[in-house]
Amino acid sequence: MASKYAEAIAQASAKHPQPGKTFQYGTAGFRMKADLLDSVVYRVGLLAALRSRKLNGQTIGVMITASHNPPEDNGVKLVDPMGEMLESSWEAYATKLANAPSEEELVQLYSQLTADLKVKPDTPARVIFARDTRASGPRLVECLVDALNATQVEYTDYKLLTTPQLHYLVRCVNTRGTQYEYGEVSEKGYYEKMAAAFKQAMEHSDKPKGSVSVDCANGVGGPKLRELVKYLPSQKEGGIDIKITNDDVSKAESLNHQCGADYVKTNQRAPPSSSAKPLERCCSLDGDADRVIYYFLDESNTFRLLDGDRIATLAASFIGDLAKQSGLSDKLKIGVVQTAYANGASTKYIEKMKLPVEFTATGVKHLHHAATRFDVGVYFEANGHGTVLFSPNALKAIHTYDPQSPAQATALQTLAALTDLINQTVGDALSDMLLVEVILAHKSFSCAEWLATYTDLPNRLVRVEVKDRNAWKTVAGTAERKLETPREAQEMIDGAVGKYKEGRSFVRASGTEEAVRVYAEASTRGEADDLANNVANLVKRIGNA
Ligand code: G16
């Protein structure tokens with residue numbers, strides 16, 4: 001049977017023909033050159049309607065962004081009702097819809113999915129959406145709106161937002177009026193919630209030291225951070241001195257160009273535009289402000305990186321201390337989730353703290369899922385993408401525990417504030433940055449002291465372009481540490497790794513770029529570079545043969 005919306009879908013789809021390409025819902029949705037995306041975004045809109053109807057009219061989010069990718073790329077991803085990433089079984093439907101070659105086949109597939117998924121076409125459907133600052137954003141929004149109109153969806157366009165702000169709004173709108181209410185459904189509500197939590201979290205800390213210079217990657221994080229600052233206490237009132245840099249969103253080509261979290265992490269250097277002096281605290285967001293990386297120049301002007309692993313260890317140790325101080329350590333099982341990119345030294349440090357560590361494949365969706373298995377799940381990718389999840393049990397314990405001493409009451413108050421300060425839906429650079437600032441203030445830590453908690457193994461990340469990145473498949477269950485294909489590759493990598501002290505290297509296809517990534521670490525800088533180059537060369541050889 002044809003879907004109720006078949007005619008409207010076919011008509012609007014004719015405006016956005018499939019360009020004869022094969023698409024795949026990847027690490028973070030669909031992502032590629034923006035001029036290939038019109039039909040994909042249109043079809044994602046169709047799926048959002050189905051998803052919302054399947055979930056009885058709960059609101060689904062659609063974010064148009066390509067995050068850390070260059071300005072000419074764009075992307076689209078779906079957000080499920082609690083603000084989490086789209087349920088993985090639905091990714092396959094997204095891929096199928098995106099690849100339907102003609103209007104007829106699209107309509108047929110849509111009707112089939114409606115029937116197979118037992119979706120009632122008359123159920124209301126609701127979607128909210130937003131975009132980052134890319135030039136292609138408004139055009140892609142039109143494609144999305146065409147799909148929402150064709151399938152009679154109620155929608156709200158939030159225009160420019162960071163990705164985590166959209167995730168926040170999705171959760172707020174779906175929990176409104178319930179016992180799980182997450183916050184006011186507005187951008188202002190986001191700032192107010194975060195600012196109130198920040199003030200409460202800072203109440204029992206030392207005054208923050210120095211300033212923090214924030215590189216906003218010339219993306220949407222710039223204007224949004226400026227807005228957030230208006231709600232935060234001033235320096236005089238005990239707040240932080242935030243210096244905003246790279247916040248020019250008027251020049252499309254400057255997005256993520258020689259700045260931003262990905263640039264800093266990959267190149268292991270500050271953006272060339274940085275004028276930070278030695279020991280000044282700096283951080284970089286990415287293009288849609290869902291990642292943050294800290295760094296500074298030490299006394300000898302050497303660049304020092306404080307990446308996602310560092311944020312994870314800082315957060316886990318701080319929350320562990322608060323749990324002990326508040327008398328809740330028995331009730332809060334804290335765990336950390338990492339990927340293969342985590343520096344080996346960070347994993348050892350977490351194990352020394354006697355905390356469990358789990359590994360998943362790259363992609364926030366995998367880490368997030370694993371983190372829900374702990375009362376307090378700290379998850380960060382080394383690239384700065386992550387957050388801390390508090391389970392319903394943990395929240396109950398924190399909010400109902402009767403403190404037995406003033407010291408317990410103080411720790412409990414800070415812990416409660418963190419549950420609001422930290423975005424529970426997804427990694428959020430603005431929220432994570434405030435979290436780091438709160439912890440540094442509480443610990444009276446400079447960046448140098450934070451760095452001194454353990455010593456990273458020197459490491460290197462290399463991006464290699466190959467003929468077909470899909471030929472590079474990893475073995476299931478190895479958290480992407482071992483390659484299955486090309487057959488000869490893993491043995492050669494093992495051979496290379498064996499030559500270096502504390503050597504480790506792995507290769508995986510990127511899910512967001514047309515490339516393969518090589519990670520290597522070893523006991524010295526020279527060895528890590530050497531190992532990375534050797535493995536990158538063999539990947540080039542095999543991948544372009
Ligand atoms: C996205 C994902 C991250 C992932 C990154 C790189 O980040 O959300 O989980 O680490 O891509 O993925 P890959 O190595 O597969 O290209 P973002 O910030 O670009 O959305």
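The dialogue below treats the sheet and then the domains.

Author: This is a predicted model, in which local features need pLDDT of at least 70, side-chain atom pairs count only at pLDDT 80 or more, and totals for chains, interfaces and linings use all residues. Residues are numbered from 1 along each chain as its sequence is written.

Reader: What is the order of the strands in the open sheet?

Author: Helices (H or I, at least four residues) and strands (E, at least two) are DSSP runs, numbered from the N terminus; two strands pair if DSSP finds at least two bridges between them. Here, five strands form an open sheet in the order 7-6-8-9-10, with mixed pairing. Strand 7 (241–245) and strand 10 (303–306) are at the edges with a single partner strand each, so one side of each lacks a neighbour in the sheet.

Reader: How do strand 6 and strand 8 run, and how many bridges join them?

Author: Strand 6 (residues 211–215) and strand 8 (residues 281–285) run parallel, joined by four bridges. Val 214 stands opposite Cys 283 in strand 8.

Reader: Which domains does the assignment give?

Author: Domain bounds come from an automatic or database domain assignment. For the protein chain, that assignment gives domain 1 (6–160), domain 2 (190–305), domain 3 (308–451) and domain 4 (459–543).

Reader: How far apart do the C-alpha centres of domain 3 and domain 4 lie?

Author: These centres lie 30 Å apart. Residues are in contact if their C-beta atoms, placed from the backbone, lie within 7 Å; the contact takes 10 residues from domain 3 and 10 residues from domain 4.

Conventions: Contact = placed C-beta atoms within 7 Å.
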